[in-house]
Amino acid sequence: MSPKTLDILCSPFERAPLELATELSVDGETRQFLVNRELGFRFPIRDGIPVFVEPHQIAGINSRFRKIYDDWAPFYDLLSRVGLYILGVSEYKLRREFIEKLEINGSNRVLATSVGTGSDLPFLPRHCDFYGLDLSAGMLGICQKKMRKLGVTAELFLGQAEHLPFKDETFDMVYQMGGINFFSDQERAIREMIRVARNGSKIVIMDETEKVARKLEHIPGINAWFKHQHRPIVPPTGLIPAGMEQLEYRELYDGQAWYLSFRKPN
């Protein structure tokens, strides 16, 4: 882990500073942790990924969807392509157009609060500093494999978007591409995105509409995300705090996706 990455990390609830610690286990393995010795915090680093939440610490529908994403991670990219094909949407076109809307330049520090399998990586500017967080260890494992195949670098973290392990005003761009429809607390996640964004930064959120959920809820595999849905899909426009600037909401792809962007004021 680079010093510049360590410098932006903090405990996800208390926002206490962390330092890197290396320990030798009883079986002779060297293991790394992020720690705050004064407060007794200790977050393991597994396969190069800092772990800020364990499965037993996850509550609400986050717990259900973490398991779904973990179980389906090896097949997620295929399911995504099939789902988009059924909807008549090109995944390549969708992701390319989405990343273009983010207005990222090569020197930006960028955070994806649900990085998933890293399907956005081929479309990002190569020289930006990219950070990806996800609730699913399985999805992050696929993302690591994709990074090696593409020859790109990124810092990955296992955690919850509702409790980001980053200091205030850290990122030039924060985005959420899919997944927020299934969050336990959408409002908290949005406020966390705002907290870690620098003043003047653009924040972008996009996900599918209720129309898509109803269309895909009977498709084997894909329906894992939509069957037994506990609440209707409603774009979280009403959850954006007062004072945000350049608020934009629209529906895309014949009403199959909603797109929400705004800017944190200076």
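1. Leaving out neighbours up to four places away in sequence, G132 makes contact with A112, V115, E155, L156 and F157. The model in which these contacts are seen is a predicted one. G132 belongs to strand β6, which covers residues 129-134, and the residue is buried, its relative accessible area being 0%.

2. The largest nonpolar core holds 77 residues, and the members that touch the most other members are F98, F130, F166 and Y175. Once residues up to four places away in sequence are set aside, F98 touches Y175, Q176, M177, V204, M206 and Y259.

3. On the packing of helices, α3 (residues 76-87) and α4 (residues 91-101) meet at an angle of about 95°, and their axes are 9 Å apart. An angle from 65 to 115 degrees counts as roughly perpendicular, and α3 is therefore described as roughly perpendicular to α4. On the α3 side the contact is made by S80, R81 and L84, which meet E91, L94 and R95 of α4. Sorted by class, this contact of α3 with α4 comprises two nonpolar, one polar and three charged residues.

4. C128 takes part in none, and the nearest cysteine sulfur to it, that of C143, is 13 Å away. Since a disulfide is a pair of cysteine sulfur atoms within 2.5 Å, the 13 Å between the sulfur of C143 and its closest counterpart, in C128, is too far for a bond.

5. R15, although not a glycine, has a positive phi of about 60°; R15 sits in the loop between α1 (3-8) and β1 (19-24), and at 41% relative accessibility R15 counts as partly exposed. D254 is likewise not a glycine and has a positive phi of about 55°. The loop that contains D254 runs between β10 (245-252) and β11 (257-263), and D254, at 65% relative accessibility, counts as exposed.

Definitions and conventions: Residues are numbered from 1 along each chain as its sequence is written. This is a predicted model: local features need pLDDT of at least 70, side-chain atom pairs count only at pLDDT 80 or more; totals for chains, interfaces and linings use all residues. Side-chain values use heavy atoms; hydrogens and water are left out. Axes are lines fitted to C-alpha atoms, for helices over the stretch in contact, and angles run from 0 to 180 degrees between N-to-C directions. Helices (H or I, at least four residues) and strands (E, at least two) are DSSP runs, numbered from the N terminus. Angles under 35 degrees count as roughly parallel, over 145 as roughly antiparallel, 65 to 115 as roughly perpendicular and the rest as oblique. Contact means heavy atoms within 4.5 Å. Ala, Val, Leu, Ile, Met, Phe, Trp, Tyr, Cys and Pro count as nonpolar, Asp, Glu, Lys and Arg as charged, and the others, Gly among them, as polar. A nonpolar core is a set of buried Ala, Val, Leu, Ile, Met, Phe, Trp, Tyr and Cys residues joined through side-chain atoms within 4.5 Å. Buried means under 20% relative accessible area, exposed over 50%, partly exposed in between (1.4 Å probe, protein chains only).
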